[in-house]
Amino acid sequence: MIRVWIADVTPLYEKKCYSRYYEGLPSFRKEKADALKYLSRRVQSVGVWALWEKMRHTYDLEENVSFNLSHSGSWVMCAAQTEGEGARVGCDIEKIGQLRINVAERRFCREEYEEIVGGKTEEEQRERFFRFWVLKESFMKATRRGMALPMDSFRIRLGDPPELVSQPEEYPQPFYYMEYVLENIPFRMAVCSTDREIDSMLTVCRL
């Protein structure tokens with residue numbers, strides 16, 4: 001079973017709150033946060049690890065369980081395998097912004113690009129673009145290749161749930177998807193895993 005949590009890290013912009021979570025970080029995460037130039041990036045880095053720690057303690061998880069982290073804007077996301085073991089897990093959260101149709105044309109599969117431009121309005125095209133973006137990122141993160149894996153080396157078909165219809169030969173396992181949307185939060189979120197059981201309920205945690 002893959003559980004999925006998100007949190008708003010806005011409270012960490014307050015110095016006392018940031019320091020409280022920062023002091024609880026392992027040394028390598030402190031070094032990672034310290035190396036970041038912008039406060040927003042440091043807040044994301046500290047906040048997403050704090051979310052993972054809350055999740056780990058809630059489910060009494062070992063440190064070596066399969067999990068993945070993501071952040072965008074003021075929101076952070078964690079997906080973790082809370083039952084079973086050894087699954088590949090990737091997650092992605094992205095704030096819906098400007099339609100980047102040139103990115104889709106250059107980097108996505110042709111069929112995916114055509115599905116995006118087939119939207120009747122720019123709003124619909126933008127929605128499809130960001131759905132594809134988080135779905136693709138979550139698969140790339142599940143493989144542990146990240147951006148080193150070309151986005152056009154695998155193809156996704158939108159649906160409920162979405163389906164991975166072609167994939168690189170080095171990752172032959174079945175992969176499964178779950179998407180999330182919250183009212184009044186302009187973000188798209190997706191989880192990809194070799195564990196078929198992905199919780200359809202998104203947990204919103206307070207930091």
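Strand E7 and strand E8 (residues 185-193) pair in the antiparallel sense over six bridges. At one point of this pairing, Leu 182 stands opposite Ile 185 in E8. The model described here is predicted.

E7 and E8 belong to an open sheet of three strands, ordered E4-E8-E7, in which the pairing is antiparallel. The edges are taken by strand E4 (89-95) and strand E7 (176-182); each has a single partner strand, so one side of each is left without a neighbour in the sheet. Direction ignored, neighbouring strands of this sheet are turned by 15° against each other on average. Helix H6 (residues 122-142) packs on the sheet and touches E4, E7 and E8. The direction of H6 makes about 150° with that of E4.

A second open sheet has four strands in the order E2-E3-E1-E9, and its pairing is mixed. Here strand E2 (67-72) and strand E9 (203-205) stand at the edges, and because each has a single partner strand, one side of each lacks a neighbour in the sheet. From one strand to the next, the twist averages 20°. Within this sheet, strand E1 (residues 2-8) pairs with strand E3 (residues 75-81) in the antiparallel sense, over seven bridges. Asp 8 is found opposite Trp 75 of E3. Helix H3 lies across E1, E2, E3 and E9, and runs at about 35° to E3.

Which helices pack against H3? Helix H1 (residues 15-23) packs with helix H3 (residues 39-58), and the axes of helix H2 (residues 27-34) and H3 come within 8 Å. Two packed helices are described by the angle between their axes and the distance between the axes. For H1 and H3 the angle is about 55° and the axes are 9 Å apart. The two helices are therefore oblique to each other, and the crossing of H1 and H3 is left-handed. On the H1 side the contact is made by Tyr 18, Tyr 21 and Tyr 22; on the H3 side it is made by Arg 42, Val 43, Val 46, Ala 50 and Lys 54. Sorted by class, the contact of H1 with H3 has six nonpolar residues, two charged residues and no polar ones.

The axes of H2 and H3 cross at roughly 160°, which makes H2 roughly antiparallel to H3. This crossing of H2 past H3 is right-handed. Phe 28, Arg 29, Lys 32 and Ala 33 in H2 meet Arg 42, Ser 45, Val 46, Val 48 and Trp 49 in H3. The residues of this contact of H2 with H3 comprise five nonpolar, one polar and three charged. Arg 42 and Val 46 of H3 are listed in the contact with H1 and also in the contact with H2.

A further strand pair is formed by strand E5 (residues 155-157) and strand E6 (residues 163-166), antiparallel over three bridges. A hairpin of five residues joins E5 to E6. Arg 157 has Glu 163 of E6 as its bridge partner.

The last stop is Glu 112, in helix H5 (residues 110-117). Is this residue buried or exposed? Glu 112 has a relative accessible area of 1%, and therefore counts as buried, the cut-off being under 20%. With neighbours within four places in sequence left aside, Glu 112 is in contact with Phe 132, Lys 136, Phe 154, Arg 155 and Ile 156.

Conventions:
Residues numbered from 1 in each chain as written. Predicted model: local features only at pLDDT ≥ 70, side-chain atom pairs only at ≥ 80, totals over all residues. Heavy atoms only, no water. Axes fitted to C-alpha atoms, helices over the stretch in contact; angles between N-to-C directions. Parallel < 35°, antiparallel > 145°, perpendicular 65-115°, else oblique. Left-handed = near helix turned anticlockwise from the far one by under 90°. Contact = heavy atoms within 4.5 Å. Nonpolar A, V, L, I, M, F, W, Y, C, P; charged D, E, K, R; others polar. Buried < 20%, exposed > 50% of the residue type's maximum accessible area, 1.4 Å probe, protein only. Pairing = 2+ DSSP bridges.
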